[in-house]
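Please keep the model in view while going through the numbered points.

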Amino acid sequence: MGQVFEAQLVGTDLKIGIVVGRFNEFLTSKLLGGAMDGLKRHGVSEEDIDVAWVPGAFEVPFIAKKMAETKKYDAIIGLGTVIRGSTTHYDYVCNEAAKGIANVGLTTGVPVMFGIVTTETIEQAIERSGTKSGNKGYDAAVSAIEMANLNRLF
Ligand SMILES: Nc1c(NC[C@H](O)[C@H](O)[C@H](O)CO)[nH]c(=O)[nH]c1=O
Ligand SMILES: CC(=O)[C@@H](O)COP(=O)(O)O
């Protein structure tokens with residue numbers, strides 16, 4: 001077997017950017033709280049975490065790209081909550097957020113986490129924002145630390 005690349009979940013010398021959508025703020029603020037908790041519990045200093053609020057999930061990739069281009073961040077976390085309504089709007093917002101976030105990571109070389117909760121119902125969103133199904137912001141924070149450290153190995 002050749003080399004095995006695996007990163008530690010240690011965030012002591014990492015600088016992290018977070019982009020969070022204000023749409024459904026009562027839930028995205030919980031995702032942000034979960035992300036901050038996940039970063040700090042793994043050693044990231046509060047002063048090494050920058051947060052940018054954008055109108056909604058659709059705008060997350062735009063500011064994530066701006067942040068990535070500064071080359072100041074080891075990883076970026078995109079947070080948002082998209083809940084299906086009665087029109088096709090949901091699909092456009094989700095698709096662009098997912099595609100955009102993936103694209104920012106691939107084009108800038110800075111890992112960008114997909115911490116966007118996409119649900120059919122408000123109950124499903126609440127469950128993933130710090131209640132019975134955990135907190136997707138926390139999960140994205142742990143993934144950001146892993147990817148930031150893994151990225152340094154290449
Ligand atoms: N419906 C949701 C949106 N919609 C707003 C868009 O994200 C965007 O801000 C607007 O279309 C202006 O470009 N955003 C969410 O984050 N969650 C939603 O459920
Ligand atoms: C996900 C959304 O964009 C949603 O809030 C919009 O709802 P609707 O499709 O009822 O306009």
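1. Which residues does N24 touch, not counting residues up to four places away in sequence? This is a predicted model, in which local features need pLDDT of at least 70 and side-chain atom pairs count only at pLDDT 80 or more, while totals for chains, interfaces and linings use all residues. Residues are numbered from 1 along each chain as its sequence is written, chains are lettered from A and ligands numbered from 1 in the order in which they are written, and side-chain values use heavy atoms, with hydrogens and water left out.

2. N24 touches T81 and I83; contact means heavy atoms within 4.5 Å. N24 is found in the loop between β1 and α1 (25-41). Helices (H or I, at least four residues) and strands (E, at least two) are DSSP runs, numbered from the N terminus. With a relative accessible area of 18%, N24 is buried, a term that means under 20% relative accessible area (1.4 Å probe, protein chains only), with exposed meaning over 50% and partly exposed in between.

3. Ligand 2 is surrounded by F23, V82, I83, G85, S86, T87, H89 and Y90, where a residue is near a molecule if one of its heavy atoms lies within 4 Å of it. Oxygen atoms of ligand 2 lie 2.8 Å from a polar backbone atom of S86, 2.4 Å from a polar side-chain atom of T87 and 3.5 Å from a polar side-chain atom of H89. The protein covers 72% of the 330 Å² of accessible area that ligand 2 has on its own (Shrake-Rupley method, 1.4 Å probe).

4. In helix α2 (residues 60-69), the buried residues are V60, P61, A64, M67 and A68. They lie on the same side of α2 because they cover an arc of only 120° around the axis, taken from the directions from the helix axis to the C-beta atoms. Their cover includes β1 (16-21), β2 (49-54), β3 (75-83), α3 (89-108) and β4 (112-119). After α2 comes K71, with a positive phi near 60°.

5. The largest nonpolar core has 23 residues, and I16, I18, L39, I77 and L79 have the most contacts inside it. Such a core is a set of buried Ala, Val, Leu, Ile, Met, Phe, Trp, Tyr and Cys residues joined through side-chain atoms within 4.5 Å. Two or more residues come from each of β1, α1, β3, β4 and α5 (136-151), and α1 gives the most, with six. A second, separate core of 20 residues includes V60, I101, V104 and V112.

Methods
Polar contact = N/O pair within 3.5 Å; in protein donor to acceptor, adjacent residues only side chain to side chain.
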